[in-house]
Amino acid sequence: MGTRTVIPFGPQHPVLPEPIHLDLVLEDEKVVEAIPKIGYVHRGFEKLVEKMDFNELVYVADRICGICAFIHSMAYCQGVEAVMSVEVPPRAEFLRTIWSELARLSSHLLWLGLMADAFGFESLFMQSFRIREKIVDMLEEMTGGRIILGVCRVGGVRRDVPNDALADIVRRVKDLGVEMHRLADVFLQDDSVKHRLVGVGVLIRDQAAELGCVGPMLRASGVSRDTRTLGYAAYGSVDFAPIVEKDGDSYARCAVRIRELFQSVDLVAQAASKIPGGEVGVKVSGYPEGEYHSRCEQPRGEVIHYVKGDGTRYLQRYRVRTPTFANIPALLRMLQGCELADVPVLVLTIDPCISCTER
Amino acid sequence: MSPLDTALLAIVVVVAAPIAGGLLAGIDRKLSARMQSRWGPPLLQPFYDVRKLFRKETIVVRRSQNFYVYFFFVFMVFTAALFFTGGDILLTIFALTLASIFLVLAAYKASSPYSFIGAERELILMMAYEPMVLLAAVGMYLVTRSFIVVDIARSPQLLALRLPGLFIGFVVVLVVKMRKSPFDLAASHHAHQEIVRGITTEFSGRTLALIEIAHWYETTVVLGMAALFFAALPWLAAVAAGCVFFLILLVDNVFARVKWQVALATAWITAAALGVGNILVVFFLR
Amino acid sequence: MSVFGMSRTIMRNLFSGPATRLYPTREKEPHRAARSRGRIEIDIEACIFCSACAKRCPTDAIIVSKTDKEWNIDRLRCCTCNACVEVCPKKCLAMGNRYTPPTVTKDKDIFRQPPRPPKEPETIPGA
Ligand code: SF4
Ligand code: SF4
């Protein structure tokens with residue numbers, strides 16, 4: 001038995017975009033235990049329901065996270081709309097779908113970049129971000145915001161995009177597909193990358209399900225579960241089947257996300273081709289009364305927004321269960337027995353979003 | 001060369017080597033940035049960095065850690081002076097290793113888990129590249145019958161032609177020595193995702209500046225050794241050093257960081273196959 | 001065995017010039033898309049100081065003073081949500097597509113309406 005060292009991993013660490021702390025108990029270069037501490041970026045978002053009315057709260061929901069912002073606001077709006085029985089115009093539903101998928105593209109590309117950085121492949125990191133920048137530019141052209149789009153509102157969306165602009169976006173996203181293929185080839189074929197990903201952090205199907213994983217984590221272990229199959233927004237009207245890999249290691253998770261990139265491109269194209277005309281929002285009157293669990297598929301997995309109104313301007317209760325929260329137990333399981341060199345890869349493989357988790 | 005000439009040359013080397021090394025570091029950063037389609041820092045950024053470090057407060061965990069860094073620096077300067085004044089190549093290699101050992105000791109002394117692991121990895125890396133460096137010296141001796149750098153350099157034979165395997169093996173060593181991917185396990189130029197800054201985590205201010213400058217000396221010495229393989233044709237030596245430098249940047253940008261087991265295996269397998277193989281060929285075909 | 005898979009991309013990058021800019025010395029041209037939410041612009045002459053924007057602002061970035069005829073905004077608080085623009089009855093607010101330049105101080109941008117000339121037009125100060 002080697003000597004034991006405790007490595008304080010975080011809260012400030014180059015691999016972590018956000019603060020989470022892990023005490024890694026090491027035996028030489030082997031991790032025997034990982035003890036997490038969270039709570040560094042708790043901001044009490046959910047308490048803001050006392051100060052902001054249900055319309056203003058959309059801005060808050062939009063800012064829960066800096067990467068999957070749009071889907072948060074969409075999940076919140078869907079919750080309130082369900083409580084108030086608001087019928088959202090179909091064009092708004094389609095626009096929401098398009099923006100969700102573009103947000104997923106930007107999030108997955110960000111993840112790929114961070115992952116490349118985690119295994120020390122700097123140029124791959126920069127290349128991912130370079131592609132992502134183009135997606136973010138498209139979002140800016142359509143909505144005015146790059147990351148925090150601020151276009152969702154209860155009852156629809158706040159900005160319409162003309163059909164010819166949508167067609168242009170679809171053409172450009174498809175063009176980006178070529179560059180994404182080149183990127184994907186490196187991630188999935190390069191031997192030095194495979195050396196860092198294959199067989200690292202294996203979760204078999206039962207483990208993943210038992211630990212309550214969500215999103216790409218779960219799908220990479222062979223469980224076909226994706227909230228988009230519920231058909232919220234316009235997902236019911238497009239062809240969609242969850243992407244599943246079997247191996248359950250970091251490589252499989254990477255593969256799921258890469259295949260989802262191309263799926264997202266396809267979904268954007270499908271939604272843009274089927275989008276109906278008409279209004280993009282309805283006027284909402286009255287105050288929410290009742291409760292609802294709104295579920296959406298974030299790039300990181302299933303997010304649940306719980307809203308409860310009591311017939312006043314202010315909601316009574318608002319709660320968010322984020323995907324990272326569901327994936328942390330799996331992370332701790334994977335860290336046991338891994339090598340120190342694998343820790344950054346494993347931490348990133350769940351695509352952690354700590355500020356989401358702690359709000 | 002008279003002793004006075006040697007002394008004068010040594011002074012020139014001590015002044016010029018870090019300038020060359022710093023410029024190389026600047027070119028390195030600019031080229032790497034362009035390979036990643038970034039704008040990149042100004043060419044003189046490494047010098048600005050060091051100037052800034054000298055003005056910073058030096059915070060230490062233990063006073064004695066700086067002591068080892070001074071030794072690291074002094075031995076690195078000595079190595080450069082010895083090599084470029086045409087001294088004994090074996091002594092140069094020994095001084096280079098000793099300098100690195102002092103850095104490892106300094107990192108151990110700092111008693112932080114990150115620098116500790118960085119130091120362990122640095123030792124593993126030294127184990128990985130040291131055989132190859134020694135084999136290169138032996139190979140040069142077999143061809144030129146001398147361990148003295150001046151004699152090796154004056155030899156009319158183009159060493160790279162007789163020792164191609166050793167040369168390729170030496171390029172692998174260079175990747176390790178310049179702290180480049182895939183072998184940047186112990187420390188790297190940017191923030192390190194596994195162990196923060198690895199071996200240099202606990203150094204700051206003036207001490208870190210000294211480590212930086214010592215690293216410039218190191219870069220010039222190892223590139224100089226690579227150029228020695230082409231010393232018969234000076235223009236070719238310069239071109240070769242440039243090409244090797246570019247190749248290392250390219251390799252840095254197309255590889256993920258490997259784990260230490262693979263680093264050790266790669267270095268030893270190259271040493272055994274290319275290095276020993278090459279030496280055997282030279283030895284028996286002489 | 002597949003290595004050096006990235007080298008084609010890298011060489012292309014090397015010869016095609018950088019994709020980044022030295023912001024803020026060099027800005028993107030045209031600066032941003034027409035829709036970009038850069039920062040709030042006000043046509044102070046048209047403002048009637050009704051405070052509708054300040055009430056609606058979710059971040060309390062706007063402070064309106066009717067007595068001083070003053071409208072000010074804390075740019076660092078503003079989250080460019082556009083709510084004030086939508087609510088303004090005089091349509092004197094607009095979302096400009098240029099960002100606020102980078103700053104190291106937390107200042108407010110203060111806009112004051114010049115006192116209206118009673119009758120004589122020659123009292124207009126250099127507004
Ligand atoms: S854009 Fe939004 S945050 Fe900014 S001043 Fe207007 S209402 Fe306030
Ligand atoms: S809402 Fe418009 S008119 Fe009213 S105070 Fe604000 S800017 Fe002035």
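Me: At roughly what angle do the axes of helix 3 and helix 5 of chain A cross?
Reply: In this predicted model, helix 3 covers residues 90-118 of chain A and helix 5 covers residues 163-189 of chain A. Helices here are DSSP runs (H or I, at least four residues; strands are E, at least two), numbered from the N terminus, and axes are lines fitted to C-alpha atoms, for helices over the stretch in contact, with angles from 0 to 180 degrees between N-to-C directions. The two axes come within 13 Å and cross at roughly 25 degrees.

Me: How are helix 3 and helix 5 of chain A oriented to each other?
Reply: Angles under 35 degrees count as roughly parallel, over 145 as roughly antiparallel, 65 to 115 as roughly perpendicular and the rest as oblique. The crossing is left-handed (the near helix is turned anticlockwise from the far one by less than a right angle; clockwise would be right-handed). By the angle, helix 3 of chain A and helix 5 of chain A are therefore roughly parallel.

Me: Into which classes do the residues of the contact of helix 3 with helix 5 of chain A divide?
Reply: Contact means heavy atoms within 4.5 Å; on the helix 3 side A:Leu95, A:Ile98 and A:Leu102 are among the residues involved, and on the helix 5 side A:Ile169, A:Val173 and A:Phe187 are included. Ala, Val, Leu, Ile, Met, Phe, Trp, Tyr, Cys and Pro count as nonpolar, Asp, Glu, Lys and Arg as charged, and the others, Gly among them, as polar. The contact of helix 3 with helix 5 of chain A divides into 13 nonpolar, 1 polar and 1 charged.

Me: Which handedness has the crossing of helix 1 and helix 10 of chain B?
Reply: Helix 1 (residues 3-35) and helix 10 (residues 234-254) of chain B have axes that come within 10 Å and cross at roughly 45 degrees. Helix 1 of chain B and helix 10 of chain B are therefore oblique to each other. Their crossing is right-handed.

Me: What area is buried between chain A and chain B?
Reply: Here 31 residues of chain A are in contact with 25 residues of chain B. A:Glu29, A:Glu122 and A:His195 supply 21% of the area that chain A buries against chain B, more than any other three residues. Buried area is the accessible area (1.4 Å probe) that two parts lose on being put together, summed over both. Carbon and sulfur atoms give 55% of the total, which is about 2500 Å².

Me: Which residue of chain C forms a salt bridge with A:Arg158?
Reply: A salt bridge is a side-chain nitrogen of Lys or Arg within 4 Å of a carboxyl oxygen of Asp or Glu. The interface of chain A and chain C has 1 salt bridge, while that of chain A and chain B has 0. With the closest N and O atoms 3.0 Å apart, the partner of A:Arg158 is C:Glu86.

Me: On what conventions do these descriptions rest?
Reply: Residues are numbered from 1 along each chain as its sequence is written, and chains are lettered from A and ligands numbered from 1 in the order in which they are written. Side-chain values use heavy atoms, leaving out hydrogens and water, and totals for chains, interfaces and linings use all residues, whereas local features need pLDDT of at least 70 and side-chain atom pairs count only at pLDDT 80 or more.
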